[in-house]
Amino acid sequence: MPKKTPDPWNYETTVATVEGIIADLESGSLPLAAVLSQFEQAVQALQQCETYLQEKQQQVDLLIETLAD
Amino acid sequence: MTNPEFTVATAPTALSVGGLVDYIKAVLEDDPTLRQVWVVGEVSSANNHAKGLFFTLTDPDTGAAINAVAWRSQQARLTTLPTVGEQVIALGTVKVYPQRSSYQLTVWQVLPSGDGLKALRYRQLRQRLAAEGLFDPEFKRSLPALPQTIAVVSSPQAAAWGDIQRSLRHHHPGLHVLFSPATVQGDTAPASIVAAIERVARDGRAEVLILARGGGASEDLECFDDERVVRAIANCPIPVVTGIGHQRDESLADLAADVCAHTPTAAAIAAVPALADLIDAHHQRVALLKTLTTEHLLDAQSNVHRLGQRLLRTRLDQRVQQQIIHLKQLKRCLVQGVQVEMRQAGDRTAALRSHLMTLDPDTVVKRGYALVRDEANQLVTQSSSVTPGQTLQVQLAQGHLTVQVTEIHPPKD
């Protein structure tokens, strides 16, 4: 089975990053400077997610390909 | 009972009838094949009795017959009631009745013959594949959380394919769908479905596969009980979701699939998450991140504020002010002290000076007194220290005299 070409950007990985940052923030153990830099990083990641979701939302049709032997 | 032939044929003593019949009963009823046996035959007679349904199963080819009974308590569970003239397939146990020395089949299940055979084959295949572990829950793969590409195996003409497209278009627009066409009805269906699944596996892009077929009578769905199809599903390198619309029990394909949805639409929805849900989750994350960061900032702010308040409470300004006043007081004391000392010293020197003035011999002499010195320049203060004729020096306010002592007058007491 040929391997899927690795995507440079992946929604799930990005979401996982954001979830990780949120967990860190929830722990309340980060110094304020780290809170701010983590926040910035999460905002960037969420922006990418937003763009991804918006693109999907704007697509009204499926990309259908029929496989033939 | 270890060697019945020997026991019966060569026993020197004859058996009682009861012993023989008991022996026959034991032989028949202990046989595992006869304890649970499927029999195909035609119902040649049927007698519905209060205790149960007594009927005769006849072999149309040989004319062989066997009596059978379905007890009242079992009748509700029978798929079909034996009716004279019908071909049936019955599951039962052979029982021996010593009183009449007869045997009969106690029936647990009766199926119509055509379907019954099929059902029997289905059951046997199901047992065999289950024993191989093809349906084991621990081998079920979980579906990818967010597949980018999915494959659909169905007939291009089937309503299922239309349903799936409609669902996906609404559920997750923009999805990449690989359609692998297959025949899903008739004798060629199993091979066609297997080929379609293998085509998807070879292509390698899809992350999940939907095998779908819309509705239909159970005969039309036979291919989903086909061993080749079931194995193709179990061996598929990516998770398989079945959406085989049907009313009856699950097909073997459903059992082998990683997820079994009952309709093509349900399969489509199961295969990919709803975009709307993703968007919701995204918004929740955005809000949570905002809240958390704001909380942190507010905490930090209130901390700074609290520290400021504490700093203010220490009233440093007041203490500085107090120190300044204290210093001023010290300075004033110092100046005052010095001034007093100076004045006192001044007064003292003035007093000394005036005192000294009064003691100055010149001053005394000026007032008309005279100083008398002898030759040795020593002051003469007593008449006894001089002798008559001695020369003395007398100092006046202006100039001095040299005098000679002519007479000495000792002091009067």
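First, the ground rules. This is a predicted model, where local features need pLDDT of at least 70, side-chain atom pairs count only at pLDDT 80 or more, and totals for chains, interfaces and linings use all residues. Residues are numbered from 1 along each chain as its sequence is written, chains are lettered from A and ligands numbered from 1 in the order in which they are written, and side-chain values use heavy atoms, with hydrogens and water left out.

Now the interface. Contact means heavy atoms within 4.5 Å. On that rule, 37 residues from chain A and 42 residues from chain B take part. Between them the chains bury about 3700 Å², with 65% of it on carbon and sulfur atoms. Buried area here is the accessible area, taken with a 1.4 Å probe, that two parts lose on being put together, summed over both. On the side of chain A, Lys56(A), Leu62(A) and Leu67(A) lose the most area to chain B, together 18% of what that side buries.

How many residue pairs are in polar contact across the interface of chain A and chain B? The rule finds 12, with both residues at pLDDT 80 or more. A polar contact is a pair of N or O atoms within 3.5 Å; within protein, one must be able to donate a hydrogen and the other to accept it, and residues adjacent in sequence count only if both atoms are side-chain atoms.

Which elements of chain A touch chain B? Helix 1 (11-27), helix 2 (32-58) and strand 1 (63-66) each supply at least two residues. Helix 2 of chain A gives the largest share, 13 residues. Helices (H or I, at least four residues) and strands (E, at least two) are DSSP runs, numbered from the N terminus. By type, that side of chain A divides into 24 nonpolar, 4 polar and 9 charged residues. For this count, Ala, Val, Leu, Ile, Met, Phe, Trp, Tyr, Cys and Pro are nonpolar, Asp, Glu, Lys and Arg are charged, and the others, Gly among them, are polar.

The two chains also share strand pairing. Strand 1 of chain A pairs in the parallel sense with strand 7 (residues 176-181) of chain B, over 4 bridges. Two strands pair if DSSP finds at least two bridges between them. In strand 7 of chain B, Leu178(B) is the bridge partner of Glu65(A).

A salt bridge is a side-chain nitrogen of Lys or Arg within 4 Å of a carboxyl oxygen of Asp or Glu. Glu65(A) meets Arg205(B) in a salt bridge at 2.6 Å, N to O. Arg205(B) also forms one with Asp203(B), with the closest N and O atoms 3.0 Å apart.

Within chain B, Glu227(B) and Arg128(B) form a salt bridge at 2.9 Å, N to O. Why does this pair tie together parts that are 99 residues apart in sequence? Because Glu227(B) lies in helix 8 (residues 227-235) and Arg128(B) in helix 5 (residues 113-132) of chain B. Both residues belong to a network of salt bridges that also includes Glu132(B) and Arg231(B).

By contrast, Asp163(B) and Arg166(B), joined by a salt bridge of 2.7 Å, N to O, both lie in helix 6 (residues 159-171) of chain B, 3 residues apart, about one turn of the helix. Asp163(B) is partly exposed at 24% relative accessible area, whereas Arg166(B) is exposed at 53%. Buried means under 20%, exposed over 50%, and partly exposed in between, with a 1.4 Å probe and protein chains only.

Last, the inside of chain B. In strand 6 (residues 149-154), 6 of the 6 residues are buried, so the strand is largely enclosed by the rest of the structure. In a regular strand the side chains alternate between the two faces of the sheet. Here Thr149(B), Ala151(B) and Val153(B) are buried on one side, and Ile150(B), Val152(B) and Ser154(B) on the other. Strand 6 pairs with strand 7 of chain B in the parallel sense over 6 bridges, and Ser154(B) stands opposite Pro181(B).

Thr242(B), in strand 9 (residues 240-244) of chain B, is buried at 0% relative accessibility. Its side chain makes a polar contact of 2.6 Å with that of Asp254(B).
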